[in-house]
Amino acid sequence: LIKSVRGRWVLDSRGNPTVQVKVVTEGLGVGVGYAPSGASTGTHEALELRDGGKEFHGKGVKRAVENVNKMIAPVIIGMDSRKQYEIDMKMVEIDGTKNKARIGGNAIVATSIAVAKAAAHTMEVPLYQYIGGKQANVLPVPMLNIINGGVHAGNKLDFQEFMIVPAGFTSFSDALRASVEVYHELKNILKNKFGPLAINVGDEGGFAPPLERTRDALDLLIEAIKAAGYSPGDQIALALDVASSRLFKQGKGVYVVEGVELTSDKLLEYYAGLVSDYPIVSIEDPFHEEDFETFARFTSEFGSKILIVGDDLFVTNPERLSRGIATRAANAILVKVNQVGTLSETFTVVDMAKTAGYRTIISHRSGETEDTTISDIAVGVRAGLIKTGAPARGERTAKYNRLLEIEEEVEKPEYPGFTVFPRKP
Ligand code: PGA
Ligand code: ZN
């Protein structure tokens, strides 16, 4: 039974305050959970409660912490920590809003994670096994964002994330090693081409070179893969997160890409060109967060070739996902626990997605902490894919390091490689 629940503020990777919750059980289980924080958040996400006012330039989380200690704690103390669903639904109930605005998505998500970890600890099983039982043996294919753009970097790249996907390997650790080698080759290339300022990194640990064009970034990734001695497409593929809601001009109904206004039709053509010229296996948020229609058209034309991933489109929300499934808007979903707010709702979304034949990508946020829960979730739900940034910056490497540990721990680790994609590019 839960004995104590304690919230406090701590710092995230951008130096902003965030919520940490520690849950202790009578069986001496301890679980610590953290709320991550996005920069390119979707409109329909759970609300992140911030104080406003002067402290932390308005970003304080005093109220959210107080809500953990005064509203959540008294209700869940005495409950069985293994009753994740009941506890999560209790929090949803006392919040009472559709987007967790009263207690705060940040207060709720940190508590939800802490409860699961405390339960796993009490039962003396690793978190991934607590979540997925003995079948939790699939290591995810990582999608490593090694060139950062959009709102995550101070350069002029419109697209937010340029990822390498080491799918052509037989184990997670080999795939990670190769990716790290590519990362360092890219660093050399950027330094030689643009000087030492070009190897400064963005929010997710990827480089933020002074590039302006998508194709230039993709060319550099190909060059780095080759320089590291790997074969682009065959061993290491590419992926994009366009985060296109940021490029969409509401009034005009067009996207501005590299200074040019594109209708959604033209943007679709632009992607078609990229997919035919580069070994791309996945494009996330190709269209803005309300455009289920063009998403669906893109999926019907390209869904047999690449993953079309809804992040801001679905915001890990069961209702938005079912609308997506009904309209065939995508074939994959990005899963972020804090977008919906509780672990239980996250698992519901993952189940729905799998039943509909969607791929699931467990994802970090651009603002992260040292918490490694998403690694355990990825293995626990057999997601097959994870997105957790470049292999640099402690809050990103913590997740990769946890996966290395899990790979050693499980009896028969599997690495799905290209089977998680519609085809090899
Ligand atoms: P965010 O970005 O965490 O800043 O929202 C991540 C993403 O768009 O995938
Ligand atoms: Zn995204």
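# A walk through the chain

Trainee: Which residues does F421 touch, not counting residues up to four places away in sequence?
Mentor: Let's begin with the term: contact means heavy atoms within 4.5 Å. With residues up to four places away in sequence left out, F421 touches V141, V165, A167, V281, S282, L307 and L385.

Trainee: What kind of model is this?
Mentor: Residues are numbered from 1 along each chain as its sequence is written, chains are lettered from A and ligands numbered from 1 in the order in which they are written, and side-chain values use heavy atoms, leaving out hydrogens and water. Local features need pLDDT of at least 70, side-chain atom pairs count only at pLDDT 80 or more, and totals for chains, interfaces and linings use all residues, for this is a predicted model.

Trainee: Is F421 buried or exposed?
Mentor: Find F421 in the segment after α13 (394-409). Helices (H or I, at least four residues) and strands (E, at least two) are DSSP runs, numbered from the N terminus. Buried means under 20% relative accessible area, exposed over 50%, and partly exposed in between, using a 1.4 Å probe and protein chains only. F421 has a relative accessible area of 5%, so it is buried.

Trainee: Which residues touch the most other members of the largest nonpolar core?
Mentor: A nonpolar core is a set of buried Ala, Val, Leu, Ile, Met, Phe, Trp, Tyr and Cys residues joined through side-chain atoms within 4.5 Å. In the largest one, helix α3 (residues 105-122) gives the biggest share, 11 residues. This core has 134 residues, and those touching the most other members are F159, Y271 and F421.

Trainee: Which residues does the UniProt annotation "domain: Enolase C-terminal TIM barrel" cover?
Mentor: UniProt positions are given in the numbering used here, feature names are shortened, and annotations may be inferred rather than shown by experiment. The unreviewed entry also lists "domain: Enolase N-terminal" at residues 2-131, a span that is 38% helix and 18% strand. Residues 136-423 are 39% helix and 17% strand, with end C-alpha atoms 24 Å apart. That stretch is the answer: the C-terminal annotation, from an unreviewed entry, covers residues 136-423.

Trainee: Where does UniProt place the feature "binding site", and what is the largest C-alpha distance in that set?
Mentor: The unreviewed UniProt entry places it at D241, E284 and D311. These are spread over 71 residues of sequence, yet they cluster in space, with a largest C-alpha distance of 9.1 Å.

Trainee: Is D241 buried or exposed?
Mentor: D241 sits in strand β7 (residues 237-241). Apart from neighbours within four places in sequence, its contacts include F159, E284 and D311. Its relative accessibility is 1%, so D241 counts as buried.

Trainee: And what is the relative accessibility of D311?
Mentor: D311 is in the loop between β12 (307-310) and α9 (318-327). Beyond its neighbours within four places in sequence, it contacts several residues, among them D241, E284 and K336. D311 counts as buried because its relative accessibility is 2%.

Trainee: Which residue in β9 is the bridge partner of F248?
Mentor: β8 pairs with β9 (residues 254-257) in the antiparallel sense, over two bridges. In β9, the partner of F248 is Y255.

Trainee: What is the phi of T316?
Mentor: Most residues other than glycine have a negative phi. T316 lies in the loop between β12 and α9, and its 0% relative accessibility means that it counts as buried. Although T316 is not a glycine, it has a positive phi of about 50 degrees.

Terms used. Two strands pair if DSSP finds at least two bridges between them.
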